[in-house]
Amino acid sequence: MIQLSVAVRNARLDAIETTVGVGAKLQIWSGALPANCAAAATGTKLLEDTLASDWAAAASGGSKVLNNTPITGSGLPAAGAGTQAGYFRITDSSGVTCHEQGTVSVNAAAWAAGTAVVVNQYARNGGNIYQCTTAGTTAGTGGPSGTGTGISDGTAVWSYVSAVGDMTIDNPSIASGQTVTVTSFSMTDGNA
């Protein structure tokens, strides 16, 4: 297995920002993640925002994060009354050439045992995001698991929302004119 120094991993990550260039666009789409960046976008474009000219911090320790987070944009008219976000793309300034893409999920705190939860509260457990559909107190161990609805957890009930995404936003259902906040995003170069 090839292993790279942190300096090489940082340089590869910094090359992404250089290649994408100034005026890069962040797009959030509904639907399934395309097979790769060269594939056409699928679903409906829910948000498009121009990133700052220096849109990512210098790579450090083999990771790179977006500058100026949280980043706030507004839902496009095509989003309608509310459409589930599925994935993001970072494109060049034209908004056409995709240079990076990944999945999107809601920002959620880690599930906690024996905790009171309210309807519409989100929790992260086992690599998934869940939304509370019946308020209650979580179980002493375990937490929600699997996919589907009606997932019992103590006296609380959850519904599966999505797997934990590469980028987190404040609300996974984007409506026209709604303010959407990207709360975190980082890239990590492999081959350590």
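This is a predicted model: local features need pLDDT of at least 70, side-chain atom pairs count only at pLDDT 80 or more; totals for chains, interfaces and linings use all residues.
Is Tyr130 buried or exposed? Keep that one in mind; Exercise 4 settles it.

**Exercise 1. Work out which parts of the chain the salt bridge of Asp189 ties together.**

Solution. 
- Step 1: start with the partner. The side chain of Asp189 meets that of Arg12 in a salt bridge, with 2.9 Å from N to O.
- Step 2: Arg12 belongs to helix α1 (residues 6-20) and Asp189 to the segment after β17 (179-188), so the bridge ties together parts 177 residues apart in sequence.
- Step 3: check the surroundings. Asp189 has a relative accessible area of 9%, and since buried means under 20%, it is buried. Arg12, with 39%, is partly exposed.

**Exercise 2. Find the salt-bridge partner of Asp14 and describe the network around the pair.**

Solution. 
- Step 1: look for the partner. Asp14 and Lys64 meet through their side chains in a salt bridge of 2.6 Å, N to O.
- Step 2: locate the two ends. Asp14 sits in helix α1 and Lys64 in strand β3 (residues 63-65), so this pair ties together parts that are 50 residues apart in sequence.
- Step 3: Lys64 counts as buried at 1% relative accessibility, while Asp14 is partly exposed with a relative accessible area of 25%.
- Step 4: widen the view. A network of salt bridges links Asp14, Glu17 and Lys64.
- Step 5: The structure's salt bridges come to four. Among them is the one between Glu48 and Lys45, whose closest N and O atoms are 3.2 Å apart. Glu48 is partly exposed at 31%, and Lys45 is partly exposed at 25%.

**Exercise 3. Explain why strand β1 can be called largely enclosed, and name its strand partners.**

Solution. 
- Step 1: count the buried residues. Five of the five residues of β1 (residues 25-29) are buried, so the strand is largely enclosed by the rest of the structure.
- Step 2: sort the residues by face. In a regular strand, side chains alternate between the two faces of the sheet. On one side of β1 are Lys25, Gln27 and Trp29, on the other Leu26 and Ile28, and both faces are covered.
- Step 3: identify the partners. β1 pairs with strand β6 (residues 87-91) in the antiparallel sense over five bridges. Strand β2 (residues 45-50) also runs antiparallel to β1, joined to it by five bridges.
- Step 4: pick out residues. Trp29 stands opposite Tyr87 in β6, and the bridge partner of Ile28 in β2 is Leu47.

**Exercise 4. Classify the ring pairs Trp29–Tyr87 and Tyr130–Tyr160 by geometry.**

Solution. 
- Step 1: The whole structure holds three aromatic pairs.
- Step 2: take Trp29 and Tyr87. Their ring centres are 6.3 Å apart and their planes lie at 5°, so the pair is stacked.
- Step 3: connect this with Exercise 3. Trp29 is in β1 and Tyr87 in β6, so the pair ties together parts 58 residues apart in sequence. Both residues are buried.
- Step 4: take Tyr130 and Tyr160. With 6.0 Å centre to centre and 70° between the planes, this pair is edge-to-face.
- Step 5: Tyr130 lies in strand β11 (residues 128-134) and Tyr160 in strand β14 (residues 156-163), so they tie together parts that are 30 residues apart in sequence.
- Step 6: Tyr130 counts as buried, at 0% relative accessibility. Tyr160, at 27%, is partly exposed.

**Exercise 5. Describe the largest nonpolar core and say which element gives the largest share of it.**

Solution. 
- Step 1: list the main members. The core has 25 residues, and those with the most contacts inside it are Ile28, Trp55, Phe88, Ile90, Ile169 and Ile174.
- Step 2: trace the elements. Two or more residues each come from α1, β1, β2, β6, β15 (167-169) and β17. The largest share, four residues, is from β17.
- Step 3: zoom in on Phe88. Beyond its neighbours within four places in sequence, its contacts include Leu26, Gln27, Ile28, Val104, Met167 and Phe185.
- Step 4: look elsewhere. A second, separate core of eight residues includes Trp111, Tyr130, Cys132 and Trp158.

How values were computed:
Residues are numbered from 1 along each chain as its sequence is written. Side-chain values use heavy atoms; hydrogens and water are left out. Buried means under 20% relative accessible area, exposed over 50%, partly exposed in between (1.4 Å probe, protein chains only). Two strands pair if DSSP finds at least two bridges between them. Rings of Phe, Tyr and Trp (its six-membered ring) pair if their centres lie within 6.5 Å; planes under 30 degrees apart count as stacked, over 60 as edge-to-face and the rest as tilted. A nonpolar core is a set of buried Ala, Val, Leu, Ile, Met, Phe, Trp, Tyr and Cys residues joined through side-chain atoms within 4.5 Å. Contact means heavy atoms within 4.5 Å.
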